[in-house]
Amino acid sequence: MMRDFIQALPKTETHLHLEGALPYELLCAWDPQQWPADPQFRSPSYRYATFPDFERILLDHALPWFTTAERYHEAAKVIFAKHVAQNVRYVETSFHLPVTGFINVQGPDIIAAIRAAAPATLEVRVFAGMLRSDLGGELRPVIDQLHTWEALAGVDLHGFETMLTHPDTAAVWAKLCAAGKITKCHAGEFDGPARVREAIEVLGVRRIQHGVRAIEDPAVVKLAVECGATFDVCPLSNVGLQVVPSMKDHPIRRLLQAGVRCTVSTDDPLCFGNSLTDEYTALAQDLTFSHQEIAGVVRNGWEIADVPDATRREMLATIGRIEATAA
């Protein structure tokens, strides 16, 4: 059974927005009248008309909950328990840096609350996510100190991709890289392959969040391969947001065949009602991914995971053994 094979593989999740992963059942338990069970937007058939529509629903549900560091901890405990149940061993998650100003809680306190929620069997790395415009706003003094936040794994430029990238971003990202932080950038989702090129050539990023629209320009795909970029792809999110018409039209196989390293993640399961198991199952059912192809994507996650080399070798060996039994 493919689902048993997916469950057996020790998986990673490398593109997960903490606020967008708020377990909906926490809202239902908190105020069942305001948050009814099974809202339409969490149905697999639901399609968001625009990114602003998606963002409005996400914020309307997430912001009432995330008011304290303790609320981040409470949500993260449930989120990470779901990972453990799916045999996920490593997670990279981002929190939305502007929230620190909304709720008057320091970023390091939020990071500590999230990390403290991680069970012993799950490696968690926490990233600070921000809009492309935040470098030019009130958050700039905070952003300029991110390199000193010891528990911060890295940063992620996200939000509505059609925003202009602030001209200081490359210098700030370079400073963070020099401090050992991992830099990411959302690109190739709502804007075209030129934004993937910008992320790689201008910002020096090798971790592209989404990246799927690079397929529209073979030269950008070639660039991604040559520089060793990784696309942290979220297939069901791409369908729900109408970046692609359907799973059958998703370009992940073409990207993989071209030599682009792709991982698979859930993005914002609060809004899509999806799990990591659902993502891999969709690859198998809608794109006829074989056991070998599924194992290859899982392997990609460990290749770029921020873990000791011994852990990486152990996980890759485990994947190899499981793959061999399915052959």
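I first looked up which element gives the largest share of the lining of the largest cavity, and found that E1 does, with four residues. The model is predicted, so I kept in mind that local features need pLDDT of at least 70 and side-chain atom pairs pLDDT 80 or more, while totals for chains, interfaces and linings use all residues. Residues are numbered from 1 along each chain as its sequence is written, and side-chain values use heavy atoms, with hydrogens and water left out.

I noted one cavity of 30 Å³ or more, a cavity being a set of points on a 1 Å grid over the protein atoms alone where a 1.4 Å probe fits but cannot get out, with lining residues having an atom within 4 Å of a point. The largest cavity holds about 50 Å³ of space, a volume being the space filled by probe spheres set on grid points joined across faces, edges and corners. Strands E1 (11–17) and E2 (88–96) are the elements that give two or more residues to its lining, strands being DSSP runs of E with at least two residues and helices runs of H or I with at least four. I listed the lining residues, including His15, His17, Glu92, Asp156 and Lys184, and recorded two nonpolar, six polar and three charged residues in the lining.

I then turned to Thr100, which is found in helix H5 (residues 99–103). A polar atom of the Thr100 side chain lies 2.7 Å from the backbone oxygen of Leu97.

How values were computed. On a 1 Å grid over the protein atoms alone, a cavity is a set of points where a 1.4 Å probe fits but cannot get out, and a pocket is an open set with protein on both sides within 12 Å along at least five of seven lines; lining residues have an atom within 4 Å of a point. Ala, Val, Leu, Ile, Met, Phe, Trp, Tyr, Cys and Pro count as nonpolar, Asp, Glu, Lys and Arg as charged, and the others, Gly among them, as polar. A polar contact is a pair of N or O atoms within 3.5 Å; within protein, one must be able to donate a hydrogen and the other to accept it, and residues adjacent in sequence count only if both atoms are side-chain atoms.
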